[in-house]
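Thanks for passing this one along. Here are my notes, written with the model open beside me.

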Amino acid sequence: MKTQVTTERDSPIVVGLDIGTTKICVTVGRRSGRNKIEILGVGKAESSGVSRGVVANIHKTVNSIMQAVEEAGAQSNVDIKVVNVGIAGQHIKSIQHRGILTRRDDNEISRHDIERLIEDMYKLVLPPGEEIIHVLPQEFTIDNEPGIKDPIGMAGRRMEANFHIISGHVSAIKNIKKCIDNASLEVQDLILEPLASSEAVLDEADKDAGVVLVDIGGGTTDVAIFHEGIIRHTAVIPLGGNIVTEDIKQGCSVLRNQAELLKIRFGSALADENKENEVICVPGLRGRDPKEISVKNLAYIIQARMEEIIEHVYYEIKSSGYENKLIGGIVITGGGAQLRHLVQLVEYITGIDCRIGFPNEHLAKNEVLPKTSYDELKSPLYATGIGLLIKGIQAEEEQGELMERKSPQVSLKDITEKGYKEKGLFKWFRDIIKDGNEFDDDSYLGKK
């Protein structure tokens, strides 16, 4: 039991920042003793400076970030300085590229060789105004032997690899970083939001079987396709829940906040599932008579727009070439996934099995947060926020493992044989001083 507590305390505390179109969400957490994610604090603020996943007003976005950070910091009792930020928007593009590295010898392939290949991909020439966000290795070919997922430890001279490269507009990336700087924070990593959401709602079995993640947010719908455990295709569709609200506002002649409430409380993605005689009474504006709206008509408005979004998703699935390889089907998450009868509509249009993805399977039992806040976190609404947290924790752990590998254990024999390397010599002096031993010229030169 003691070991578990130590592990939790030693694990780094990480912060995820989801800058969405409807909300800005900050999650603070760490790896718990049972390999789950322990959430220490959550902060949420209305996002009024973001349009379709892209920062449109720096000042408003900074204020919302500061409000969410303050709330999460107070709840978790953590002074938040560094954050893992999510990025989305219709400017996001993905391309496939192949890299080749010829090594000088055919010794074991190390992580350093893979990093050299990845660094080469970052030198790729892109259209003006675009910047690479992620370089994701897919499969490796070692000395003409294809289909290798992890080549570390193998012998080989010629390394080839397929890469999935994700890029975005430089201006959109700079605006996000500007907002973080103005909020007195530092960017640890910039993470594509569908990749983060996939960490929260998918497991390795889903990714191996072949699955499509569809994250329906307020301003955008993010798509990520996995097969054999590897990311195969990503896309961002510039349509989301907000455009459905706008349609209700126009179609039913109501205020925007009333349209949002109608969508959340009475909305349905299938008109045929609603009764003809069901009517909602909406208060009139400034003393005018209340307005009566048929639930079925409301569903027709929502269904028309949701069909358009699903058609876009289906087009991305077909263009990826993995339409017939998706054993895991489609997983819907994000705020839009809470719409009633959406699963049935997706299955009807695409003919592919569908389910809603909840981020609760990665969450540890929580004694820090109030029960209402903890239960709210299990909603698809928080998939990206929790995913950014998981991605940040994974990066910290990988960095820790790398540092451990790089710090060699140096003995006195190694120092004398290897020409008194600076690092080893300082260690030797420290050990001698610590032990209180005396030494003369002969012992220094390694003669004794």
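This is a predicted model: local features need pLDDT of at least 70, side-chain atom pairs count only at pLDDT 80 or more; totals for chains, interfaces and linings use all residues.

1. I would start with the packing. The largest nonpolar core holds 57 residues, and those touching the most other members are L17, I19, V26, I39, I65, I80 and I180. A separate, second core has 42 residues, among them I225, L239, A259 and V295.

2. Leaving aside residues up to four places away in sequence, I80 is in contact with V15, V26, V28, V69, A72, G73 and L185.

3. What lines it? The residues are V214, I216, M306, I309, I310, V313, I330, I332, L342, V346 and T350. By type, that lining splits into 10 nonpolar residues, one polar and no charged.

4. Which elements each supply at least two residues of that lining? They are β12 (211-216), α9 (295-320), β17 (329-333) and α10 (342-350). Helix α9 contributes the most, with four residues.

5. Helix α7 (residues 241-252) passes a simple length check: at 1.5 Å a residue its 12 residues should span 16 Å, and the end C-alpha atoms lie 17 Å apart, which agrees. Its buried residues are G241, N242, I243, V244, T245, D247, I248 and C252. These pack against α8 (256-266), β16 (291-294) and α9.

Note on methods. Residues are numbered from 1 along each chain as its sequence is written. Side-chain values use heavy atoms; hydrogens and water are left out. A nonpolar core is a set of buried Ala, Val, Leu, Ile, Met, Phe, Trp, Tyr and Cys residues joined through side-chain atoms within 4.5 Å. Buried means under 20% relative accessible area, exposed over 50%, partly exposed in between (1.4 Å probe, protein chains only). Contact means heavy atoms within 4.5 Å. On a 1 Å grid over the protein atoms alone, a cavity is a set of points where a 1.4 Å probe fits but cannot get out, and a pocket is an open set with protein on both sides within 12 Å along at least five of seven lines; lining residues have an atom within 4 Å of a point. Ala, Val, Leu, Ile, Met, Phe, Trp, Tyr, Cys and Pro count as nonpolar, Asp, Glu, Lys and Arg as charged, and the others, Gly among them, as polar. The expected span of a helix is 1.5 Å times one less than its number of residues.
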